[in-house]
Amino acid sequence: MKSLLAALALAAPCVFSSWAHAAELAPKPLYRDPVFDGAADVSIVFDRAAHLWKMFYTNRRATMTLPDPDDVEWVHGTAIGIAVSSDGVHWHYQGTAAFPKACTDVTLWAPDVLYENGTYHMWLTVVPGIFHRWGAPGSQARIAHLTSTDLSTWNCAGDVTLGTGSVIDPSVMKLGQGYRMWYKDEHAQSRILAADSPDLRTWTKVGDKPVNPTHGEGPVAFRFKGHYWLIADVWKGLIVLRSEDALNWTEQPGYILGTPGRTATDRAMGQHPDVVVDGERAFIYYFVHQKNEAEAAADPRWNQRTVIQVAELVYKDGRLVVDRDAPLRFRLHAPSP
């Protein structure tokens, strides 16, 4: 009996270690860019060769102090930042992505990454320069398509042509034998539209009507609990749409992450998310402006800073709900080959 107890005692640390390794408490903030403190618009993908999760994000120059409070130069001239994680919980800065100059520019926003048959595809919002006002002449954006086999070296694969002047914030999902992209069309009064492709290179709009009449940006589409979901940033929280066919959508009442959290660095609405579905659980990674933090009282530019947070999406009575204040323990698992 004593030998059995001794064996159990010796095994206990291993059991605890295994459990702790499997589920870590997510910090707040989850991630902060160490250079410009303006991480936003994340896209998370598993690096199959390195066995790491990678976060690609808009790297806003939030530490800039500009004399004109209306000057938006700090949201331009942005590279795409990269952070890495072994578990999806603890993230470390890895620098910025290197893209071919032939198909990109100095202002890069809102990457979306999809892995398909040995190739990583990225759709990237490209703005032709640095501008000081929203909607300035010549600032019309486009979506560039890039490909990579290692998430480090990227090749130009052409622009997404949709017959409209300014499109941003793509989200691509495989549907059957084809693919669907949701995006913000700034010439459609900033609403979310969709386009289909048989090969990830040629795209055809799915009609001229938006998926929902609400103005918004940063859509993310995914499948969870037997339904298709589309979440988008509508600047008062995130709208949630549900569908059985990824074409006809029903709007969920209210908004998620619209009410500020109670924990430091999470005390503003959640914006422009990505979602990672891991088996029976789903996690929403979103950014939060720091305008309601203590530092903002002394620094009028502190509101420019943004951090990344994470919360769990819970399926309840046909809806997705989020408790951003609840302690969250999890670990992302590698996707199936």
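Strand E2 (39-47), strand E6 (107-116), strand E10 (167-175), strand E14 (217-224) and strand E18 (271-278) each give at least two residues to the lining of the largest pocket. Strands here are DSSP runs of E with at least two residues, numbered from the N terminus. The model is predicted, so local features need pLDDT of at least 70 and side-chain atom pairs count only at pLDDT 80 or more, while totals for chains, interfaces and linings use all residues. Residues are numbered from 1 along each chain as its sequence is written, and side-chain values use heavy atoms, with hydrogens and water left out.

**Terms**
- On a 1 Å grid over the protein atoms alone, a cavity is a set of points where a 1.4 Å probe fits but cannot get out.
- A pocket is an open set with protein on both sides within 12 Å along at least five of seven lines, and lining residues have an atom within 4 Å of a point.
- Grid points are joined across faces, edges and corners, and a volume is the space filled by probe spheres set on the points.
- Ala, Val, Leu, Ile, Met, Phe, Trp, Tyr, Cys and Pro count as nonpolar, Asp, Glu, Lys and Arg as charged, and the others, Gly among them, as polar.

**Largest pocket**
- The volume of the largest pocket is about 950 Å³.
- Its lining comprises 31 residues, and Ile-44, Leu-114, Val-275, Val-277 and Pro-335 lie nearest the centre.
- This lining has 19 nonpolar, five polar and seven charged residues.

**Second largest pocket**
- The second largest pocket has about 610 Å³ of volume.
- It is lined by 31 residues, with Val-75, Trp-109, Trp-134, Lys-184 and Glu-217 nearest its centre.
- Two or more residues of this lining come from each of E10, E18 and strand E19 (281-289).
- The class division is 12 nonpolar, 11 polar and eight charged residues.

**Cavities**
- Two cavities of 30 Å³ or more are present in the structure.
- The largest cavity holds about 90 Å³ of space.
- It is lined by 15 residues, of which Pro-111, Asp-112, Pro-170, Pro-219 and His-272 are the closest to its centre.
- At least two lining residues of the largest cavity come from each of E2, E6, E10, E14 and E18.
- Seven nonpolar, four polar and four charged residues make up the lining of the largest cavity.
- The second largest cavity, with a volume of about 60 Å³, is lined by Ile-192, Val-211, Asn-212, Thr-214, Ala-232, Val-234, Ile-239 and Leu-241.
- The lining of the second largest cavity has six nonpolar and two polar residues, and no charged ones.

Key:
Helix = DSSP H or I, 4+ residues; strand = E, 2+ residues; numbered from the N terminus.
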